[in-house]
Amino acid sequence: AVAGLERVGAVLDALEPLVSGVDGRVGVRQAHMAWSRNCSCAGGAVLALGHLMRVDPQAKGRQVRRLEEQVRAFAEVVQAGISSLDGRQIATALRAVSRPGRAGAFDSLWKFAASRLMQADALDARRGSADAEVLAALLEAFARPPGGAPRGDAALFRRLAGLAQQIPARLFTVSTVASIMASLDAVGMRDRALLRSFVPVLQSRPAEEFTAEAVASIATCFASAGAADDPAYRSLSSAAQRLESAPPRSIAAIVAAFARAEVRDPALFRRMSALARAHPPHHIEPESVRATLSAFASAGHRDNALVAHLSSAITVHRGPLTPEHIALTAAALADLDAPHPLAASFLPPPAAAARVPAAA
């Protein structure tokens with residue numbers, strides 16, 4: 001019945017009887033007797049958390065307090081009955097408590113979840129409780145929690161990474177590969193064997209699955225691991241060249257990753273330049289200008305049309321430029337051997353320069 005409710009107030013009202021009337025001296029956890037493996041309370045609490053997560057963005061005023069109270073109550077039940085849950089259910093529960101400003105209130109739940117995931121029956125690729133989507137969600141929850149430092153230890157991350165290698169390539173999507181790789185990279189796990197196990201996925205997935213963000217993330221992870229795997233970069237290059245649009249940040253990340261891996265791909269760089277120039281100058285932030293110029297400089301690919309376009313983005317920028325932006329952008333222009341008039345656009349106007357005191 002709750003699944004058919006779309007408004008936050010209706011969902012809160014429907015779930016309220018499940019947490020109200022509990023003796024405060026005992027607590028929700030003990031009242032539900034959720035420590036028993038034969039009790040279905042923990043599984044039901046996961047479903048309730050999923051519904052609360054669904055309507056969370058709608059909550060306002062008093063609804064926020066009610067929602068938080070219910071999240072805490074159901075999280076207690078999940079923690080007490082964690083031994084009866086599998087990886088998919090744990091992933092749902094952790095996503096529900098992973099909102100910025102909320103995760104710190106559930107430290108014990110994270111510890112119980114990590115302990116449970118180390119048990120063999122919690123995650124089993126053969127039984128379907130450890131598919132690619134579940135692993136991506138768990139790794140993101142532990143390695144990249146919103147507004148917080150990574151959770152879990154190296155043993156947990158090694159276990160999750162090992163399970164990823166047991167799942168057939170056909171069951172992955174580009175987005176799950178990108179998420180898994182980014183999470184492992186965030187905790188410093190750059191296993192080349194694992195990365196190369198994803199190459200068949202990149203070679204077999206349809207072009208429409210490759211977003212600019214996914215290509216940028218995967219290429220960056222390969223470059224960070226020092227995995228100069230030609231098949232992977234060929235697949236990523238082919239996908240990137242078919243993109244119809246891309247955010248400036250992703251363009252810079254793609255070019256920088258190929259440059260870091262020392263993969264020279266003029267056709268890719270020309271396509272990324274064209275996509276960058278498709279953005280109106282006033283829509284490009286100074287940080288994106290700096291990152292894009294630096295990436296192309298590192299790649300050794302000079303494109304005067306791109307330099308001119310990005311320079312015009314600086315001239316129309318109305319906000320202040322930090323000394324760091326000016327210095328790094330000027331350095332990138334110098335590396336690209338850009339004409340002096342373009343580099344001059346990054347310097348403060350004469351009137352402003354005159355007010356800067358000379359160095360002692």
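Modeller: Start with the pair H13 and H15. Their axes lie 9 Å apart, and the helices pack at an angle of about 30°. An angle under 35 degrees counts as roughly parallel, so H13 is roughly parallel to H15. Their crossing is left-handed. Keep in mind that this is a predicted model.

Now the residues that make the contact. H13 brings Ser-237, Ala-240 and Gln-241. H15 brings Ala-267, Leu-268, Arg-271 and Met-272. Sorted by class, the contact of H13 with H15 has four nonpolar, two polar and one charged residues.

Take Ala-240 from that list. Ala-240 sits in helix H13, which covers residues 230–241. Its relative accessible area is 0%, so Ala-240 is buried. What does Ala-240 touch, leaving out residues up to four places away in sequence? It touches Val-215, Leu-268, Arg-271 and Met-272. Of these, Leu-268, Arg-271 and Met-272 belong to the H15 side of the contact.

Next, step to helix H12, residues 212–224, where Ala-219 has its place. Ala-219 has 0% relative accessibility, so this residue also counts as buried. With residues up to four places away in sequence set aside, Ala-219 touches Tyr-233, Leu-236, Ala-257 and Phe-258. Phe-258 is 39 residues from Ala-219 in sequence. In space, the two are 7.1 Å apart, C-alpha to C-alpha.

Follow the chain to the loop between helix H14 (248–260) and helix H15 (266–277). Glu-262 is found there. Is Glu-262 buried or exposed? At 64% relative accessibility, Glu-262 counts as exposed. The cut-off for exposed is over 50%. Its backbone deserves a look too. Glu-262 has a positive phi of about 60°, although it is not a glycine.

His-301 lies between helix H16 (286–299) and helix H17 (304–315). Its relative accessibility is 15%, so His-301 counts as buried. The limit for buried is under 20%. Not counting residues up to four places away in sequence, His-301 touches Pro-266, Phe-269, Arg-270, Phe-296 and Leu-336.

For comparison, look at another helix pair. Helix H3 (residues 41–55) packs with helix H4 (residues 62–80) at an angle of about 150°. Their axes are 8 Å apart. That angle makes H3 roughly antiparallel to H4. Their crossing is left-handed. Which residues meet here? On the H3 side are Cys-41, Ala-42, Ala-45, Val-46, Ala-48, Leu-49, Leu-52 and Val-55. On the H4 side are Leu-67, Gln-70, Val-71, Phe-74, Ala-75, Val-77 and Val-78. By class, this contact has 14 nonpolar, one polar and no charged residues.

H3 also meets H5. Here the axes come within 9 Å and cross at roughly 40°. That makes H3 oblique to H5. H3 passes H5 in a left-handed crossing. Gly-43, Val-46, Leu-49, Gly-50 and Met-53 in H3 meet Gln-89, Thr-92, Ala-93, Arg-95 and Ala-96 in H5. The residues of this contact divide into five nonpolar, four polar and one charged. Val-46 and Leu-49 take part here, and both are also on the H3 side of the contact with H4.

H7 is mostly covered, with 10 of its 12 residues buried. Among them are Val-134, Leu-135, Leu-138, Leu-139 and Phe-142. The buried residues of H7 pack against helix H5 (87–96), helix H6 (107–117), helix H8 (154–164) and helix H9 (174–186). At 1.5 Å a residue, its 12 residues should span 16 Å, and the end C-alpha atoms are 16 Å apart, which agrees.

Finally, the whole chain. Its secondary structure comes to 20 helices and zero strands. Of its 360 residues, 46% count as buried. Among contacts with a separation of 6 or more, 78% join residues 24 or more positions apart.

Technical notes: Residues are numbered from 1 along each chain as its sequence is written. This is a predicted model: local features need pLDDT of at least 70, side-chain atom pairs count only at pLDDT 80 or more; totals for chains, interfaces and linings use all residues. Side-chain values use heavy atoms; hydrogens and water are left out. Axes are lines fitted to C-alpha atoms, for helices over the stretch in contact, and angles run from 0 to 180 degrees between N-to-C directions. Helices (H or I, at least four residues) and strands (E, at least two) are DSSP runs, numbered from the N terminus. Angles under 35 degrees count as roughly parallel, over 145 as roughly antiparallel, 65 to 115 as roughly perpendicular and the rest as oblique. A crossing is left-handed if the near helix is turned anticlockwise from the far one by less than a right angle, and right-handed if clockwise. Contact means heavy atoms within 4.5 Å. Ala, Val, Leu, Ile, Met, Phe, Trp, Tyr, Cys and Pro count as nonpolar, Asp, Glu, Lys and Arg as charged, and the others, Gly among them, as polar. The expected span of a helix is 1.5 Å times one less than its number of residues. Buried means under 20% relative accessible area, exposed over 50%, partly exposed in between (1.4 Å probe, protein chains only).
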